[in-house]
Amino acid sequence: MSWIHTQGDSERTALWLIGLLVLGRLAIGALTPLTPDEAYYALWARSLSAGYYDHPPIIAFFIRAGTSLLGETPLGVRLFCVLSAIPASAFVWRAAAILTADRRAAPLAALFFNLTLLGYFGMVVATPDAPLILFAAAMLYCAARLTTSDHLAHWLAMGVATGLAFEAKYSAALLAAGFSVAVLITPQWRRQLLGPKPWLALFVSVLFFAPNIAWNATHGWATFLKQGGRVTEEQPLAPRYILELVGAQLGLATPFIFALAVIGLIPAAAAAYRSPAARRLLLALLIVPTAYFLFHALRARVEGNWPGFLYPALAITAAAATSREAGGVRGFLSRFAAPVALAIVIFGSIYVVAGPLPALGRKDPILRMTRGWNELATEIRVLARENGAGYVVTHDYQLNAELALLLPELKVAQANDRERYATLAEPRPEAFRGTGLMVMRSELPGDFKVPFATITSLGTVDQRYGDAVITPFHIYRVDISPDS
């Protein structure tokens, strides 16, 4: 931190800022409506399981812990994702202290992690990325410990962290692959392959991942097939996605921190690390997953959040680039990286909480995902009361999740895509009888095969924010006779 002169100053400043950023996350978590995906994962938390159709289960346990304390409120759903930023920051701090030569890089790395948009907002939104980032930071710390010690306990801790990361999201495999490459290119670790320690760590990681493996084995390998399909699906070449991937990470890391992270990987910055093993570890953890994402981007879009688990390591290489030992790459970037990122985070926080601009409409993803759901649910509630409807049928998992949380007095179920709900204690649409409502994003086609005794259009209801219509939904009254 070129703007902080002593080790004690850097630590105190980093601690204060990280604490304030946690409070900022809590405010966002409490004051911002749930996104559709968060509402969907909140349904998982009602029916805890060792696995689900879309992802492994840890996010459901995080949400259940929060809703047990605060109910199915936005902060209740997000609470433990927000709080997980605290141990994640501690792991980054301690890993940087082990891996870098300049002690001031450790608090700066933890601060950089919190100031990236993925590190800040990604630890608010209740999706599998939050626990994945937490356990990726734990993996990084355990691997850092191994650069200075080959104790069995450190290998086993690495196994535990890896297994938990897999239970958060399968993309942990890319980080595990990076660590495996680091083992192969680091002589002191490569020699360990002749002994039991790495293999015991592997056994422990599989042991922690075993519940989800067992769940998949008894459910037709549903999650493996769904997520594996993204890897094996053939697409025509579309290199434009590479530019999109780089641009997204440049923004999500914030430009100056991203630039410093890249500088921290070049040979000129090698002296910023405590040992060759430390530098090899960070290179492998970052380059191996990045190589896969670039390969994937040759044919398909890489969503901006997918590389989020790399941000703990990215924060360390960015901090390393600011050190005296980095060969003079300090200066403008290191002086302004944290202040600029902090300004972006503050502006983003105000924008998310105070409300997006209605004029942008659906073009604004924050507005589209977080606003208008309560208004939509209110309109549907009125129509249900007027028509004597006791249930709502949807054909969209995101709409279904929002309505299921916002309309607890009605039975809400998705008629299609039923494999998503195989292990959830959600209503079954085939059991519905009497009058209900069907809500759809598009108008029913003329040749729609109606599984109801009668169906009557009631027009449209809007997901709206102020005067802006985000999405109009078509709504129908449906009547199912008892003998149908």
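User: Before we start, what counts as a polar contact here?
Analyst: A polar contact is a pair of N or O atoms within 3.5 Å; within protein, one must be able to donate a hydrogen and the other to accept it. Keep in mind that this is a predicted model.

User: OK. Which side chain does S349 make a polar contact with?
Analyst: The side chain of Y120, at 3.1 Å.

User: Where does S349 sit?
Analyst: S349 is in helix 18, residues 332-354.

User: Buried or exposed?
Analyst: S349 counts as buried because its relative accessibility is 13%, and buried means under 20%.

User: What else does S349 touch?
Analyst: Leaving aside residues up to four places away in sequence, S349 touches I28, Y120 and F121.

User: Switching topic. How many salt bridges are there?
Analyst: The count comes to 13 salt bridges. One of them joins E38 and R78, with the closest N and O atoms 2.7 Å apart. E38 lies in helix 2 (residues 36-46) and R78 in helix 4 (residues 74-83), so this pair ties together parts that are 40 residues apart in sequence.

User: Are E38 and R78 buried or exposed?
Analyst: E38 is buried, at a relative accessible area of 0%. R78 is also buried, at 3%.

User: And what does E72 pair with?
Analyst: E72 forms a salt bridge with R46, the closest N and O atoms being 2.8 Å apart. E72 is in the loop between helix 3 (58-70) and helix 4, while R46 is in helix 2, and the two are 26 residues apart. E72 is partly exposed at 37%, and R46 is partly exposed at 36%.

User: Which residues are in a network with those two?
Analyst: R46, E72 and E426 are linked in a network of salt bridges.

User: What about K169?
Analyst: The side chain of K169 meets that of D129 in a salt bridge, 2.8 Å from N to O. K169 is in the loop between helix 9 (152-168) and helix 10 (172-185), and D129 is in helix 8. Both K169 and D129 are buried.

User: How many disulfides?
Analyst: The count is zero disulfides. As for cysteines, C81 is buried at 0% relative accessibility, and C142 is buried at 10%.

User: Last topic, helix 12. What is its span?
Analyst: Helix 12 has 21 residues (197-217), and at 1.5 Å a residue they should span 30 Å; the end C-alpha atoms are 28 Å apart, which agrees.

User: Where does helix 12 bend?
Analyst: At F209, by about 50°, and a proline, P211, follows within four residues.

User: Which of its residues are buried?
Analyst: The buried residues of helix 12 include A201, V204, F209 and W215.

How values were computed
Residues are numbered from 1 along each chain as its sequence is written. This is a predicted model: local features need pLDDT of at least 70, side-chain atom pairs count only at pLDDT 80 or more; totals for chains, interfaces and linings use all residues. Side-chain values use heavy atoms; hydrogens and water are left out. The expected span of a helix is 1.5 Å times one less than its number of residues. The bend at a residue is the angle between axes fitted to the seven residues ending there and the seven starting there. Buried means under 20% relative accessible area, exposed over 50%, partly exposed in between (1.4 Å probe, protein chains only). A disulfide is a pair of cysteine sulfur atoms within 2.5 Å. Contact means heavy atoms within 4.5 Å. A salt bridge is a side-chain nitrogen of Lys or Arg within 4 Å of a carboxyl oxygen of Asp or Glu.
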